[in-house]
Amino acid sequence: MASSRLGVGSRGLPPPPPLLLLLLLLLLGPWPAAGHGGKYSREKNEPEPPPQREPGGEFRMEKLNQLWEKAQRLQLSPVKLSELHADLKMQEREEFAWKKLKAEGLDADGERAAKLLRNLSVILAKYGLDGRKDAQAVNSNYLSDTAEDDSLGDPKLEKLWHKAKSSGKFSSEELAKLWRELQHHREKVHEYNVLLDALSRTEETQENVISPLDVSRVKEDVLHNKHAELKDRLRAINQGYDRLRQVSHRGYGAEAEFEEPRVIDLWDMAKSSNFTEKELESFREELKHFEAKIEKHNHYQKQLEISHQKLKHVESFGDQEHVSRNKEKYAMLEEKTKELGYKVKKHFQDLSGRISRARHNEL
């Protein structure tokens, strides 16, 4: 059975409702279009809401369009929606790649399919699309320079945060940086727990083969690899917490090379991998470009949120010309933020893959 779940806060993370069947249905085929009831059904007699997008939707896969529409109904913030859009784009890219492999007779052991299920499970939980009321507790919106709400959902992280705030060793910019790092660490813990739960359900299904819907039949060696992956994630989480504890006590030193949490994580992993000195130096330079890309994306996220607030303000006055101009600006910022979000996530995936391959070559 998978290793123990990491607690987040005194409440812990309650196990989410069983999602294996739902995720299998999501992965294995396009969903049937809604609204095929009889002539007396509500769908046939009520007018359909006007489409918000051009015909064809945001994504090529209907199931992802339905998840996107659900997120819009939940009224997530513009920044959260742009992050979700990038995640769904990455999921779509991976699913089409998997379908191509499947058509060529590859992925016979179902490892790639199982990974897609786990990735989708993380997305559903991260954005509150899995039906859990508390699923949106993890917030990847780094718009505030200061934390008005000091709740991180984890007493250990909150203790570090309050110690740093009261120490007098941090400037306002450094406190903002530390807050982002603490939030990022919380997200990593949450993602670890979601993946752990998905793996546990997979194991239970393997042990109790009760339905032909269990198409994955993941082999024992694949499960072993997934346990090793989770073990690596847990080790990275523990190392990250140790580093945050040291920073909260001593403050940031002048030797810090990077500012963004994701870049710091990648650099720490790269230094412990099998890169040569020349490869490591090249990787450092690429991380600098990646950090600049993240900063540009963060800038557009801030501008998008400001534009959203301004649009809500001018809409209350009813000046159509003013509203129209603000809508155009908002739409431009929205598309640019989505585009940059996808590029950042793809770049992060490529860099992570390079590190994984380097570590694999060590074995």
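I began with α4 and α10: P78, V79, S82 and E83 in α4 meet H297, Q301, L304, E305 and H308 in α10. A contact here means heavy atoms within 4.5 Å. By class, this contact has 3 nonpolar, 4 polar and 2 charged residues. I counted Ala, Val, Leu, Ile, Met, Phe, Trp, Tyr, Cys and Pro as nonpolar, Asp, Glu, Lys and Arg as charged, and the others, Gly among them, as polar.

The model is predicted: local features need pLDDT of at least 70, side-chain atom pairs count only at pLDDT 80 or more, and totals for chains, interfaces and linings use all residues. Residues are numbered from 1 along each chain as its sequence is written, and side-chain values use heavy atoms, with hydrogens and water left out.

**Geometry of α4 and α10**

I looked up the axes next. Those of α4 (residues 78-103) and α10 (residues 277-315) come within 9 Å and cross at roughly 135°. That makes α4 oblique to α10. The classes are: under 35 degrees roughly parallel, over 145 roughly antiparallel, 65 to 115 roughly perpendicular, the rest oblique. Axes are lines fitted to C-alpha atoms, for helices over the stretch in contact, and angles run from 0 to 180 degrees between N-to-C directions.

**α4 and α5**

How do α4 and α5 pack, and at what angle? The angle with α5 (residues 111-126) is about 165°, and the axes lie 11 Å apart. α4 is therefore roughly antiparallel to α5. In α4, K80, L84, D87, L88, Q91, E94, E95, A97, W98 and L101 meet R112, A113, L116, N119, L120, I123 and K126 of α5. I noted 9 nonpolar, 2 polar and 6 charged residues in this contact.

**L230**

I then moved to α8 (residues 220-250), where L230 is found. Is L230 buried or exposed? L230 is buried, with a relative accessible area of 5%. The cut-offs are under 20% for buried, over 50% for exposed and partly exposed in between (1.4 Å probe, protein chains only). Leaving aside neighbours within four places in sequence, L230 is in contact with Y192, L195, L196 and L199.

**Whole chain**

The chain has 11 helices and 0 strands. Helices (H or I, at least four residues) and strands (E, at least two) are DSSP runs, numbered from the N terminus. Of the 363 residues, 44% are buried. Among contacts with a separation of 6 or more, 77% come from residues 24 or more positions apart.
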